[in-house]
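Trainee: I would like to go through this model by question and answer. Where do we start?

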Amino acid sequence: MGELRASPDFTVLVNGKVYQSPPNYAADVGPTFAECMIIRDGIIQYVGPEADAEVEAAKVSGATIKDLDSQTVLPGFIDGHLHILLLGQSLTKVGLEACKNLKDIRTEIKRYTKTHPDVPRIFCRGWMHSMTPDGVDSTLLDDLDPRPIFVDTKDLHSTWCNTVGLKEVCRVMNIPEDAPDPAGGTFQRGKDGKLNGVFNESAVFEYIWPFTARVASIKERKESIKAAIKAFNSVGYTGMVDMAMDETIWEPLVALRNEEGLGGMRISAYWLMKPSNSLQDVLPQVDRAIQLAGQYNSQSSPDCRVVGIKVICDGIIDACTASLTEPYSTGTTPDPIWPEDFLHPIVSKAHAAGLQVALHAIGNRTIRMAIDVLEKNTDRSGRPRIEHIELCDAEDAARLGKLGITASIQPVHSDPAILRAWPRLIGDRRCKRAFAYREFADGGAPLALGSDAPTAPHLPIPNMYVATTRRSYREPGLETVINPEFALTVCQAAVAATHGSAYSTFADEWTGSLRKGLKADFVVCNVELSPQSLIKGVVKETWFEGTQVYKAAEYGSDVTGLE
């Protein structure tokens, strides 16, 4: 290595375990570490043994010495799939995750109404269809409170509201009583044919999400984004990939960046394509993404950029809206939200313009269609990606690596605690194909690990725990293990949560690994890198470009200056 010019501006991290990422998601490589890292001006200058002339030169020059006390240093985590505004807003929503049935839901909402008499609307999160197997409508919420009430499923693919909330949504979003269902979604109706307060799939993306943004002021939206960044810094994230960007989110995000900066976070965004029965209504959305990517990119604004388009191609297993090659036990056989002949020109136009393409595909029928579309209209140079890939046939799993398609996975969705309805809905045989992450990796597919927050817990180390053990983080005592043969190794999970997510948006040129020349984005953790021990892992510090942006309250000072 070349010599370092010693300077008091250096920070030397010693007595630690600086994680070194293995190449190519190697399954048979265990964790390896360096014991020392030197940073200056936000850049990693050296990684290696402490007993080195360069380290000694930095020390004697008056560099700041940070004693890591034998703790582990990992690259800053990058969440490969989340929803930043919804995440920030969710931090103040009523949590229904612990509810088992309708009675529990009503009790929790009623408790909140009594302790929060001044909020204008009541927003809730964490509802699952399995909690309400007989279905829901607005009347089940009407007697709880006179204010509008909105209840999101944990996956954000359905919203249930009371009658007051339904009327407000219809007024603000200009939805007439006889409105037809939007392409790829439904306005649920009662036996009388009238709207009954439940929005599904694209009806949520096109109406509920914009509604919640519109009724919040731009100041409130900026505060929600700031809260999301702060929460993510506190658990070790230095990067985010937003997977449903639109004007109502982009406006406050850019305003926040211009007025205050984004603190210790870089944000890459995929522009959400809104479904339509007319292709001519969709292609201008691609043009808007192209325009924004020309303004906000790695050269002009590396901390806040538009990198591609996102297309939600199907729904979810729990709601029987993910498109499968065989019927659900209910007898339903939903089609993908977007017909394939629409996707080809959309994806082709985006790829030709230099945009990346992300396709949400959960069911095996949709996954196959998504791979076919990407194979025909993109190539590995554009780093195309498929989001979720929850129920994938073996032959399609093998195609991902061959085509250079990134598998964007969220292990928290494979938590056994939230999959209890799957055997009933799709049967044990198909469940054996669920979340085939190891097949993706073994086939050479790049992996990007995310949380899909706020649909699931966003802590990155527990996310790695689920990926490597296939056991529950939500219910640690649960003995169920989901398809253990598909478990990732610790190194595969660690790389996917850092370098892999960086690679997925071409950010690996400056972050995602701890090596000379990259940004000094890292976390100091009290963690043992073994599958069963990950659940106990704790982030103590988060550093962004060489600056500490989070420190656990109980974590004492360990930085000294040498004379």
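Mentor: We start with a definition: helices (H or I, at least four residues) and strands (E, at least two) are DSSP runs, numbered from the N terminus. This is a predicted model, in which local features need pLDDT of at least 70, side-chain atom pairs count only at pLDDT 80 or more, and totals for chains, interfaces and linings use all residues. Residues are numbered from 1 along each chain as its sequence is written, and side-chain values use heavy atoms, with hydrogens and water left out.

Trainee: Is D393 buried or exposed?

Mentor: D393 sits in the loop between β19 (385–388) and α11 (394–403). Buried means under 20% relative accessible area, exposed over 50%, and partly exposed in between (1.4 Å probe, protein chains only). D393 has 18% relative accessibility, so the residue counts as buried.

Trainee: Which residues does D393 touch, not counting residues up to four places away in sequence?

Mentor: Contact means heavy atoms within 4.5 Å. With residues up to four places away in sequence left out, D393 touches N364, R368 and R433.

Trainee: How are α6 and α7 oriented to each other?

Mentor: Axes are lines fitted to C-alpha atoms, for helices over the stretch in contact, and angles run from 0 to 180 degrees between N-to-C directions. Angles under 35 degrees count as roughly parallel, over 145 as roughly antiparallel, 65 to 115 as roughly perpendicular and the rest as oblique. Helix α6 (residues 218–233) packs on helix α7 (residues 247–259) at about 75 degrees, with the axes 9 Å apart. The two helices, α6 and α7, are therefore roughly perpendicular.

Trainee: How many nonpolar, polar and charged residues does the contact of α6 with α7 have?

Mentor: On the α6 side the contact is made by I218, R221, K222, I225 and K226, and among those of α7 are T248, I249 and E251. Ala, Val, Leu, Ile, Met, Phe, Trp, Tyr, Cys and Pro count as nonpolar, Asp, Glu, Lys and Arg as charged, and the others, Gly among them, as polar. By class, the contact has 7 nonpolar, 1 polar and 5 charged residues.

Trainee: What kind of aromatic pair do W250 and Y296 form?

Mentor: Rings of Phe, Tyr and Trp (its six-membered ring) pair if their centres lie within 6.5 Å; planes under 30 degrees apart count as stacked, over 60 as edge-to-face and the rest as tilted. W250 lies in helix α7 and Y296 in the loop between α8 (279–295) and β17 (304–312), so the pair ties together parts 46 residues apart in sequence. At 5.1 Å centre to centre and 85 degrees between the planes, the pair of W250 and Y296 is edge-to-face.

Trainee: How far apart in sequence are the parts that F187 and F199 tie together?

Mentor: The ring centres of F187 and F199 are 5.7 Å apart and the planes are at 85 degrees, so this pair is edge-to-face. F187 lies in strand β13 (residues 185–189) and F199 in strand β14 (residues 195–201), so the parts tied together are apart in sequence by 12 residues.

Trainee: How many residues of α14 are buried?

Mentor: Helix α14 (residues 460–469) is mostly covered. Its buried residues pack against elements including β8 (77–82), β15 (237–245) and α15 (490–504). The number buried in α14 is 10 of 10.

Trainee: Which peptide bond is cis, with omega near 10 degrees?

Mentor: P454 is in the loop between β21 and α14. The cis bond, with omega near 10 degrees, runs from A453 to P454.
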